[in-house]
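I opened a new structure today and wanted notes on its core and its backbone angles. The entries are below.

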Amino acid sequence: MSERRSPVTLKIILIGNSGVGKSSFMNRYVNHRFTNMYRATIGTDFLSKTVNIDGDTVTMQIWDTAGTERFQSLGTPLYRGVHCCMLVFDVTFKSSFSALEQWRKEFLLQGEPMDPSDFPFIVVGNKSDLSNREVSHKKALQWCEEIGAEYFEGSAKEDLDVEKPFLRAAQNGLQQYKKHTLENTGHFQITCEQLRETRNNCQC
Ligand SMILES: Nc1nc2c(ncn2[C@@H]2O[C@H](COP(=O)(O)OP(=O)(O)O)[C@@H](O)[C@H]2O)c(=O)[nH]1
Ligand SMILES: [Mg+2]
């Protein structure tokens, strides 16, 4: 008999320097659209997309970040409760790649994930359609190996490999979700047992 599993909502966030193509990447994936018109994201926003991951119906809430992205400016609430973080850079801008270390640190500091050493990061090198590259595939991969992240390259403009990193984010995010939900359930059971014991000992 097949067991019906309840739907899961995952919070996925895209962070990285302004102009690397975070909004474009998200829009290409969710709305299948791309525009060359530069439009700075105002405030934060999310788009939803439902996918099936190995029998689980998963709704991804994909959060995009504010226009003048600066470290510390995004704040704690946005980073809290994230199941997978996508670090985005532009392969034609070296400084957008080197900034990821700082973005990652800030995320871990402010988001306070339960197990930082085990938190899933996906690194995305966007604008792979352009020829004036400043960051090689090898270099990006090397850093990802160092920090234990997975690396994907693609182009929101040309619709190249946009889906893969999101599906991987959903898979990794789902693992996080299950792990921490189980941990929470564990805590809850202990509390119930303690409660029962207290009741049994009660003299009134
Ligand atoms: N050539 C190229 N340009 C892109 C690509 N993705 C985004 N852009 C452009 O880069 C600029 C910044 O994109 P945007 O999504 O607003 O970046 P954000 O600030 O990180 O959200 C815009 O002019 C986009 O049209 C891409 O894959 N290839
Ligand atoms: Mg944006």
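Entry 1, model. I am working from a predicted model.

I looked up the largest nonpolar core and found 41 residues in it. Ile12, Leu14, Cys85, Met86, Leu87 and Ile122 have the most contacts inside this core. I then listed the elements that each supply at least two of its residues: the strands are E1 (8-15), E3 (56-64), E4 (84-90) and E5 (121-126), and the helices are H1 (22-31), H4 (100-111) and H6 (163-200). E4 gives the most, with six residues. In general, nonpolar side chains tend to be buried together in soluble globular proteins.

I took Met86 from the core list and asked for its contacts, leaving aside neighbours within four places in sequence. The search returned Ile12, Ile13, Leu14, Ile122, Val124, Pro165 and Ala169.

I noted a positive phi of about 45° at Asp54, which is not a glycine. Asp54 sits in the loop between strand E2 (45-53) and E3. Is Asp54 buried or exposed? I counted 7 other C-beta atoms within 10 Å, so Asp54 is exposed; the cut-off for exposed is 12 or fewer.

Lys127 is not a glycine either, and its phi is positive, near 70°. I placed Lys127 in the loop between E5 and helix H5 (137-147). Here the count is 25 other C-beta atoms within 10 Å, so Lys127 is buried; that class needs 20 or more.

Technical notes: Residues numbered from 1 in each chain as written. Chains lettered and ligands numbered in written order. Predicted model: local features only at pLDDT ≥ 70, side-chain atom pairs only at ≥ 80, totals over all residues. Core = buried A, V, L, I, M, F, W, Y, C linked by C-beta atoms within 7 Å. Helix = DSSP H or I, 4+ residues; strand = E, 2+ residues; numbered from the N terminus. Contact = placed C-beta atoms within 7 Å.
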